[in-house]
Amino acid sequence: MNISKYEQRVLHALAQGGRIVHRRDPARGKIVEVDCFTREGWRLSDCRMGVFQRLKRRQLIASQGGAPYRITRHGLAAVRAQLDQR
């Protein structure tokens, strides 16, 4: 599966325990804004609405019961291994 550099960065952050917090428009009920946070609480600037929609469409991320979006088993299989540069 072809995954862009930005999608790969977001998936890697999610695989390490991060989450994607979403905000919905109260009138329409659609997601209007997303923020990706690492497990340390840092905000990842690569996670934009387009990247979020592609990951969701490919079922690499999922949310249960209105909780923040997390990586799925399918997403874990798709992410490439990277060194943690801390």
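## The strand pair

Strand 1 (residues 19-24) and strand 2 (residues 31-37) pair in the antiparallel sense, over six bridges. Two strands pair if DSSP finds at least two bridges between them. Helices (H or I, at least four residues) and strands (E, at least two) are DSSP runs, numbered from the N terminus. His 22 has Val 34 in strand 2 as its bridge partner. The hairpin of these strands has six residues between them, and there Gly 29 takes a positive phi near 80 degrees.

## About the model

This is a predicted model, in which local features need pLDDT of at least 70, side-chain atom pairs count only at pLDDT 80 or more, and totals for chains, interfaces and linings use all residues. Residues are numbered from 1 along each chain as its sequence is written, and side-chain values use heavy atoms, with hydrogens and water left out.

## Helix 1 and the core

Helix 1 spans residues 5-15. Its buried residues (under 20% relative accessible area, with exposed over 50% and partly exposed in between; 1.4 Å probe, protein chains only) are Glu 7, Gln 8, Val 10, Leu 11, His 12, Ala 13 and Leu 14. Just after helix 1, Gly 17 takes a positive phi of about 110 degrees.

A nonpolar core is a set of buried Ala, Val, Leu, Ile, Met, Phe, Trp, Tyr and Cys residues joined through side-chain atoms within 4.5 Å. The largest has 19 residues, of which Val 10, Leu 11, Ile 20 and Ile 61 touch the most other members. Helix 1, strand 2 and helix 2 each supply at least two residues of this core. Helix 1 gives the most, with four residues.

## Ile 20 and Cys 47

Contact means heavy atoms within 4.5 Å. Cys 47 counts as buried because its relative accessibility is 5%. Leaving aside neighbours within four places in sequence, Cys 47 is in contact with Val 10, Ile 20, Val 34 and Cys 36.

## The aromatic pair

Rings of Phe, Tyr and Trp (its six-membered ring) pair if their centres lie within 6.5 Å; planes under 30 degrees apart count as stacked, over 60 as edge-to-face and the rest as tilted. The count comes to one aromatic pair. The ring centres of Phe 52 and Tyr 69 are 5.0 Å apart and their planes are at 90 degrees, so the pair is edge-to-face. Phe 52 is in helix 2 (residues 49-57), and Tyr 69 is in the loop between strand 4 (61-62) and strand 5 (70-71). Phe 52 and Tyr 69 are both buried.
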